Structure formats: C-alpha cells, structure tokens
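New notebook page, new structure. I'll start with the overall make-up and then pick out a few details to look up.

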Amino acid sequence: MTPAVPIVYTESVSSFKPKLIGPLPAAEIKRRTDLLLARIGERVGEFREMHELNRSGLAHVAGLDPSVITHIESGRMNITARTAVKLTVALGLEPWDLHVPRELAPDLKPKHRRHRPPSDAVLERHTRRFLKQIGRRVRALRQLQGMSMMTLEEFTGFTNSSLSNIEGGKANISTAIAVRLAEAIGVQPHELYVPTEQSGIREKNEP
C-alpha cells in the first residue's frame, strides 16, 4: 500500500522572510493575535459541526467547560497548546490543524469521533509531544533565519529562560506568544506548530 502523502501546510517557501524588520508595536501584535484567534474559533466551530455536536457536546468530549468553547469560537480566548490538544483529541484532528489557515487545508476532515473526554495520561502524552514539536520548530526556524537567542529575546521581549523553556518543549505557549515568536522570526504563526515534514520551509541541509 502506498503511504499517504502528508499535507504541506504552507503557501510557499518564499513566505519565509529573510530580513528582520524589528519588534512590532504591541497594538499590532494584539491586532494580529485577535485575527488569528477569530480564525481558530471559526475552525473549531466548523469541525464541531462536522461531528453534529453543539457546544455543550464538544465541551463534554473535550473535558472543558461549555463557556470555554463559547469563548474559543467567539475568538475571545487566548488558546494554549494544552487546550488545543484537548480540542483536537476530541475532534479527531492533529493539534496543529486548528492553527492552519482554511485556504491551506480546505478539505481537512476529522479522522474519528470521541464520545468521552481523553484520560489524563492520553492528554499528557499528546501535550508533551506537541510542546516538544513546537520547541523544535521554533529552534529550527530561528536558526534558519540566522537568529541568536539574544536577538530573539530582543525582538519578542521574552526572557532568555522563557525562550529556552519554549525551545525545550517545557512551556505551554499561548496563541499570543506564538504570534510574537512568528513575527520576530519572520514566518506565519502556523509554521511554529506544524511538523517539519508538513511545511514548505526546510532547514538549510534539507533538499
């Protein structure tokens, strides 16, 4: 059987910006974060409706309060990686699927449907794997850009220890943090979440 070819969640390799433009103003970071949160909320609603679930039903299978689902779908919640895992385990998706623009994955469908919340052990395993993946991506993209940790610290305003925790897969990063990191490095926010094999951006030693 021929293995499935993974979806490449990127517009083009040229979307990687080789020039650093400096830190963005806080108001612009907030604007971009709000836009991304609204887009994520829409995707959550779309995937929920594919399962023919109401918000209370999704809250049940994700182990979340119904008010959390309402805030997420309304674009009013700064979603963390752990919350993304809860949602996507419940919806039969990969945790990065929520962050990928619809136009890059227009035919994306849930792979399965859960009927009860995941166990703590399952949630912890998926979360740990996702955080490590994000950390590796942040480090690889930073190095591809030729940025030192000190430069990333300057452009994001995050401390060196915070950045080390992120790259080490120890920080439960939020959407707002991902936006600041992505803008500093010069990539679209979803590039921080997707696996390397599903991105058009490659490390220098890759073909």
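Predicted model: local features only at pLDDT ≥ 70, side-chain atom pairs only at ≥ 80, totals over all residues.

First look: I count eight helices and zero strands in this protein. Reading from the N terminus, I get the order α-α-α-α-α-α-α-α.

Next, burial and surface. The protein has 207 residues, and 50% of them count as buried.

Then contacts along the chain. Taking the contacts with a separation of 6 or more, I find that 72% are between residues 24 or more positions apart.

I find Thr 175 in helix α8, which covers residues 175–185. Is Thr 175 buried or exposed? Its relative accessibility is 0%, and the cut-off for buried is under 20%, so Thr 175 counts as buried. What is Thr 175 in contact with, leaving aside its neighbours within four places in sequence? My list reads Leu 36, Leu 37, Ile 40, Asn 78, Ile 79, His 99 and Tyr 193.

Last entry, a helix pair. I checked α2 (residues 55–62) against α3 (residues 66–73): their axes come within 8 Å and cross at roughly 115 degrees. Angles of 65 to 115 count as roughly perpendicular, so that is how I describe α2 and α3. The crossing of α2 past α3 is right-handed. On the α2 side, I note Arg 55, Ser 56, Leu 58 and Ala 59 making the contact; on the α3 side, Pro 66, Ile 69, Thr 70 and Glu 73. Sorted by class, this contact has four nonpolar, two polar and two charged residues.

Note on methods: Residues numbered from 1 in each chain as written. Heavy atoms only, no water. Helix = DSSP H or I, 4+ residues; strand = E, 2+ residues; numbered from the N terminus. Buried < 20%, exposed > 50% of the residue type's maximum accessible area, 1.4 Å probe, protein only. Contact = heavy atoms within 4.5 Å. Axes fitted to C-alpha atoms, helices over the stretch in contact; angles between N-to-C directions. Parallel < 35°, antiparallel > 145°, perpendicular 65-115°, else oblique. Left-handed = near helix turned anticlockwise from the far one by under 90°. Nonpolar A, V, L, I, M, F, W, Y, C, P; charged D, E, K, R; others polar.
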